[in-house]
Amino acid sequence: MSDAFEGFSRFEFDYGRWSRSVWRMGAGPAVIVVHEIPGLHPGVLDFAREVAAAGMTVFCPSLFGEPGRPVSRGYGAASSLQIACVRREFNLWRGGRSSPIVDWLRALARQVHAECGGRGVGAVGMCVTGGFALAMMTEPCVVAPVLSQPSLPVTAKGDLDLSAEELACAKRRFEAEDLSLIALRYKTDWHVQDGRFKRLKAEFGERAELIELEDADANGYRVIPPHSVLTLHLDRDRPDGAGMVAARRVVEFFRERTGA
């Protein structure tokens, strides 16, 4: 784990019912990178390093799994089972509501914005946490939400994992503050079917920048089909490929919105 977190420092953040470890790196306005299944793995940390290198302070909370552990098929299955069992923190099945752990993330955003300054905080969620960045918009300091392969709720492909009140708040803020979002997916990803992206476009119109990749844009990682846009399936060997263009767009979006 020590090699995976080289260059990061760690602290504990307590709020409400939860205490979680958070790793940070860099200087400048804050960006919160919320990991995917199976946990805060090295690929997530590589993306976080790129955010930090672009002039921002990146914060990587560990919500589940073993921090720093590389991805494997067995580890992914065990982590998925862990999430399914922790119903108090994650809303997996029902649309129209957010996961309770989002309250903890909003509080983290308040603290890191007060510390780091800038115009506001950027946030990206991935996979089961993909919609968290949008639900975090009820916190006024969050100004740059990115939804990477947003996969919840698992049983309703056109639904979003936030409440009607949270959605309305995000829409009001987008108009009043001239904000926008980015959402990313592979077109064939059954976790993020067409209905969810159509819903984002219907709700936010031109303020939703939707980036959809082909399977051919993914690297050779075959443990799972193309899914993890910014991490496992990001083809770093093709700097001009669609995947790297999308990743650079996310980093630039954070720079623009946070004032880095």
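Start by selecting Val229, which sits in the loop between strand S8 (208-213) and helix H7 (242-258). Helices (H or I, at least four residues) and strands (E, at least two) are DSSP runs, numbered from the N terminus. A quick word on what you're looking at: this is a predicted model, where local features need pLDDT of at least 70 and side-chain atom pairs count only at pLDDT 80 or more, while totals for chains, interfaces and linings use all residues. Residues are numbered from 1 along each chain as its sequence is written, and side-chain values use heavy atoms, with hydrogens and water left out.

Is Val229 buried or exposed? Val229 has 0% relative accessibility, so it counts as buried; the cut-offs are under 20% relative accessible area for buried, over 50% for exposed and partly exposed in between (1.4 Å probe, protein chains only). Now show what Val229 touches: leaving out residues up to four places away in sequence, the list is Ser148, Gln149, Leu184, Arg185, Tyr186, Leu213 and Leu234. Contact here means heavy atoms within 4.5 Å. Pick out Leu184: Val229 and Leu184 are 45 residues apart in sequence, yet 6.9 Å apart in space, C-alpha to C-alpha.

Stay in the loop between S8 and H7 and select His227. His227 is buried too, with a relative accessible area of 6%. Beyond residues up to four places away in sequence, its contacts include Cys127, Asp189, His191 and His233.

Next, switch to cartoon view and find the open sheet of eight strands, ordered S1-S2-S4-S3-S5-S6-S7-S8 with mixed pairing. Two strands pair if DSSP finds at least two bridges between them. On average, neighbouring strands are turned by 20° against each other, direction ignored.

Zoom in on S3 (residues 30-33) and S5 (residues 121-126): they run parallel and are joined by three bridges. Val33 stands opposite Val124 in S5. Then select helix H6 (residues 194-204), which packs on the sheet and touches S6 (142-148), S7 (181-186) and S8. The direction of H6 makes about 160° with that of S8; axes are lines fitted to C-alpha atoms, for helices over the stretch in contact, and angles run from 0 to 180 degrees between N-to-C directions.

Last stop: how many disulfides are there? A search of the whole structure finds zero, a disulfide being a pair of cysteine sulfur atoms within 2.5 Å. Select Cys116: its nearest cysteine sulfur, that of Cys141, is 11 Å away. Cys116 counts as buried at 19% relative accessibility, and Cys141 does at 8%.
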